[in-house]
Amino acid sequence: MQKNTGIKLKDLAKILEGELSGDGEALISGVSGILEAKEGDITFITGLKYKHELEQTKASAVIATREFKELKKNFIFVENPYYTFSRALKYFYEEEYKPIGIDQRAVIGKDVSIGKDVSIHPLAVIGSNVKIGDRVRIYPGTYIGNNTIIGDDTLIYPNVAIREDVIIGKRVILHSGVVIGGDGFGYAADKGKHHKIPQIGGVVIEDDVELGANVTVDRATLGKTIVKRGTKVDNLVQIAHNVVVGEDTIIVAQAGISGSVEIGSHCVIGGQVGFVDHIKIGDNVMIGAQSGVMSDVEPNQVVLGSPAIPHKDWLRAQAVYQKLPEMRKKVAELEKRIAELEKKSKEADK
């Protein structure tokens, strides 16, 4: 629901810390995509390759870089249009937080410390010796286990399960279905049977992390599973026991990270990527979708494929792969000619 209904473009430019170009008196009443925008909307554009869309838009103003300064439109010029567009969305649509307190239908254990201005909704269950910071929002159906710590301004959507001995930082967002601190997948084989290894470690989710719907972060066998500050995880990702994920890393949907993997900071991991256990991924690594990562990856690499290999090697391999039917045909023809030559050679020797 939109919270702000209208603002002059010159005032919005100040809020967004951008450079105004055009009619500062233009009234901006909403935010929209460049093709869907109508009069009164502000939109954004990220590069010259979308210039044709800019020529078609009906938006009253555009967030852009100065490379568009020659065009006669209303602009707010910034260095990062996409990020500034997200700030415009927050201005128009993000509602001010109003705490509701602790609903009487919530279940609160013993020795629980609860900060100021919290919102704990009906049917939330909070164990004993839990510490909850200021302005934390806990929605219905959420379970928080004993000895857990939750930092200020954290948002926990409905039906999240946080097991015992978990540490959640500040400004963390947990979407519905997230499970943090479930047992790691650890078994010892003996005489043909699998015997469960007790998982007695914990989980640490640092500040400004966001976990999408149905993400699972297993507790460590010993020690901690750690997701470091600023990392963003898409829906349906599995993070196994004793994994360490670095700062500001992006992990896209359906990736599966096996036990004791170390992932560096500022990495981008594509959808459905799988990791074998006990490998190390360096900082600033990009891994293409559906890759199978079987060994360590040095920092600043782009890899893809299964098994994952450097991007340039993968491109060369794909070029060869596409030619395999033709190559197979040529090999068959060569084999036939060799067989004929060998036959003629044998006949000549007689």
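I looked up the contacts of Thr225 (heavy atoms within 4.5 Å) in this predicted model. Leaving out residues up to four places away in sequence, Thr225 touches Gly202, Val203, Val204, Val217, Asp218, Arg219, Ala220, Ile239, Ala240, His241, Asn242 and Val243. Thr225 sits in strand E27, residues 224-227 (strands are DSSP runs of at least two residues, numbered from the N terminus). I checked burial next: Thr225 counts as buried because its relative accessibility is 0% (buried is under 20% relative accessible area, with a 1.4 Å probe and protein chains only). A polar atom of the Thr225 side chain lies 2.9 Å from the backbone nitrogen of Asn242.

Then I turned to Asn74. Asn74 is in the loop between strand E6 (61-64) and strand E7 (75-77). At 19% relative accessibility, Asn74 counts as buried. Its side chain has a polar atom 2.9 Å from the backbone nitrogen of Asp23. Beyond four places in sequence, Asn74 is in contact with residues including Leu9, Gly22, Ala26 and Val62.

Last, I looked at the nonpolar cores (buried Ala, Val, Leu, Ile, Met, Phe, Trp, Tyr and Cys residues joined through side-chain atoms within 4.5 Å). The largest has 49 residues, and Ile205, Leu211, Phe275 and Ile281 have the most contacts inside it. Strands E19 (166-168) and E24 (202-205) each supply at least two residues of this core. Another core, of 17 residues, lies apart from it and includes Leu12 and Ile63.

For the record, I number residues from 1 along each chain as its sequence is written, and side-chain values use heavy atoms, without hydrogens or water. Local features need pLDDT of at least 70, side-chain atom pairs count only at pLDDT 80 or more, and totals for chains, interfaces and linings use all residues.

Technical notes: Helix = DSSP H or I, 4+ residues; strand = E, 2+ residues; numbered from the N terminus. Buried < 20%, exposed > 50% of the residue type's maximum accessible area, 1.4 Å probe, protein only. Polar contact = N/O pair within 3.5 Å; in protein donor to acceptor, adjacent residues only side chain to side chain.
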